[in-house]
Amino acid sequence: GPYAPYRQSERKPIYRQYAEQLVKDGYAYYAFDSAEELEEMRTKFKTAENPSPQYNHVLREQMRNSLTLGDDEVTRLLSEEAPYVIRIKMPLDETISFTDMIRGEVSFVSSQSDDKVLLKADGMPTYHLAVVVDDYLMKITHAFRGEEWLPSAPVHVMLWKYLFGLENMPQWAHLPLILKPDGNGKLSKRDGDRLGFPVFAMNWTDPRTNDCAQGFRERGFLPEAFINMLAMLGWNAGTEQELFTLEELIANFSMERVHKGGAKFDYEKAKWFNHEWIKRLQASSYKPQVKKLFEEKGIVITDDKKFETVLELVKERCTLLPDFVQQAAFFFQSPVEIDTNTLKPKW
């Protein structure tokens, strides 16, 4: 593409150039504080009113950085390649505003934001610097993020102002989060493990622990149902309609109908979407996936036409694709034993 390279590790010189420009213009500074000094700051300045002290417009005057050290000392530390980070110098009591596509006019007071690290000691950028530089250089017009990034927006706005001018800033939308079923906090993998439902689109293996988490696809969800379900989390068309094809979603979607608040995830509702799409689609569209499930159970399908007819017969009883095996296996394999328990109440 025309904006290569795309890996941040290959763009380090680009980020450093802009970080150094911010220092030169007085909008950022070198901070030489060690991990021990930062921990001491958090302990020393901790109060009942401020239980989590931040490196901000007040405490930066107490720390070891290019704002408090003399020019000669800063030059010496740089020449000796002493470890440092580059932090943004947030202004005092300045109102920072921008228009969010979902939330409208949003305003912050600059002094409520801390002096975020822009460039780490290893030369890698933080998200704050990288997203602004990349969006500008790659000519991004619209940026969509989760609402957890809203508190960081003042830092991003100031970086745009300092580096490229606010007129070049993309339009922003901070999307509502998918919440736990009880509505208390953002949905996580742990919630899925605890409550017995997937949270990933497909199987995912954690590279750190090698634990495998089952995905919606492997659980037996259709792509049409999964997309439909996701679209209805935090958005609606303003009508009673809940089932949408992808084409209908594209035709009906508008940012104005995206909700400001998060949406509770309801696994039973997700299964309802899948059940409706199983009934709605021709069995031929998901026959290959179901055939594979039968074969995994040792049931070989030799007559495709009969197989499709059977799927059409039982699909109204199926919520997830594996249900087809339970509902239709006896069409192709004689039962090993008779389930007398379901017969006894009717005897």
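The following legends describe close-up views of a predicted model.

**Figure 1. Helix 1 packs against helix 4.** A pair of packed helices can be described by the angle between their axes and the distance between those axes. For helix 1 and helix 4 (residues 127–137), the angle is about 110° and the axes are 10 Å apart. The two helices are therefore roughly perpendicular to each other. On the side of helix 1, the residues that meet the partner are I14, Y15, Y18, A19 and L22. Helix 4 contributes L129, A130, V133, D134 and L137 to this meeting.

**Figure 2. Helix 4 also packs against helix 5 (residues 153–163).** Here the axes lie 10 Å apart and the packing angle is about 45°. That angle makes helix 4 oblique to helix 5. The crossing of helix 4 and helix 5 is right-handed. Y127, H128, L129, V131, V132, D135 and Y136 form the contact on helix 4, while V155, H156, L159 and W160 form it on helix 5.

**Figure 3. Helix 8 (residues 223–231) and helix 10 (residues 267–280) cross with their axes coming within 8 Å.** The crossing angle is roughly 140°. Angles over 145 degrees would count as roughly antiparallel, and helix 8 and helix 10 are therefore oblique to each other. Their crossing is right-handed. The contact involves E224, A225, N228 and M229 from helix 8, together with A270, F273, N274 and W277 from helix 10. W277 also has a charged residue at its ring: R280 lies over the face of W277, at 4.9 Å from the ring centre.

**Figure 4. F294 and F307 form an edge-to-face aromatic pair.** A pair of aromatic rings is described by the distance of the centres and the angle of the planes. By the pairing rule used for this model, the count comes to 26 aromatic pairs. In the pair of F294 and F307, the ring centres are 5.2 Å apart and the planes stand at 85°, so the arrangement is edge-to-face. The pair links distant parts of the chain, with F294 in helix 11 (residues 287–296) and F307 in helix 12 (residues 304–314), 13 residues apart. Both F294 and F307 are buried.

**Figure 5. Six aromatic residues, F197, F216, F221, F226, F265 and Y267, form one cluster.**

**Figure 6. W172 is a buried residue of the model.** This tryptophan lies in strand 7 (residues 171–175). Setting aside residues up to four places away in sequence, W172 touches F98, T99, D100, M101, A143, R145, A153, H156, V157 and W160. Among these, R145 has its charged end over the ring of W172, 5.0 Å from the ring centre. P51, in contrast, is 121 residues from W172 in sequence, and their C-alpha atoms are 32 Å apart in space.

**Figure 7. W235 is a buried residue in a loop.** The loop in question runs between helix 8 and helix 9 (246–252). W235 counts as buried because its relative accessibility is 4%, and the cut-off for buried is under 20%. Apart from neighbours within four places in sequence, W235 is in contact with L249, N252, F253, S254, R257, V258 and H259. The C-alpha atoms of W235 and E276 are separated by 19 Å, and the two residues are 41 apart along the chain.

**Figure 8. E81 and D93 have positive phi values although neither is a glycine.** For E81, phi is about 55°. This residue is found in the loop between helix 3 (71–79) and strand 2 (85–88). E81 is exposed, with a relative accessible area of 70%. For D93, phi is near 45°. D93 has its place in the loop between strand 2 and strand 3 (95–100). D93 is likewise exposed, at a relative accessible area of 62%.

**Figure 9. A cis peptide bond joins A4 and P5.** The omega angle of this bond is about 0°. P5 belongs to the segment before helix 1 (12–24), the helix shown packing against helix 4 in Figure 1.

Technical notes: Residues numbered from 1 in each chain as written. Predicted model: local features only at pLDDT ≥ 70, side-chain atom pairs only at ≥ 80, totals over all residues. Heavy atoms only, no water. Phe/Tyr/Trp six-rings, centres within 6.5 Å; stacked < 30°, edge-to-face > 60°. Helix = DSSP H or I, 4+ residues; strand = E, 2+ residues; numbered from the N terminus. Buried < 20%, exposed > 50% of the residue type's maximum accessible area, 1.4 Å probe, protein only. Lys NZ or Arg CZ within 6 Å of the ring centre and 35° of its normal. Axes fitted to C-alpha atoms, helices over the stretch in contact; angles between N-to-C directions. Parallel < 35°, antiparallel > 145°, perpendicular 65-115°, else oblique. Left-handed = near helix turned anticlockwise from the far one by under 90°. Contact = heavy atoms within 4.5 Å.
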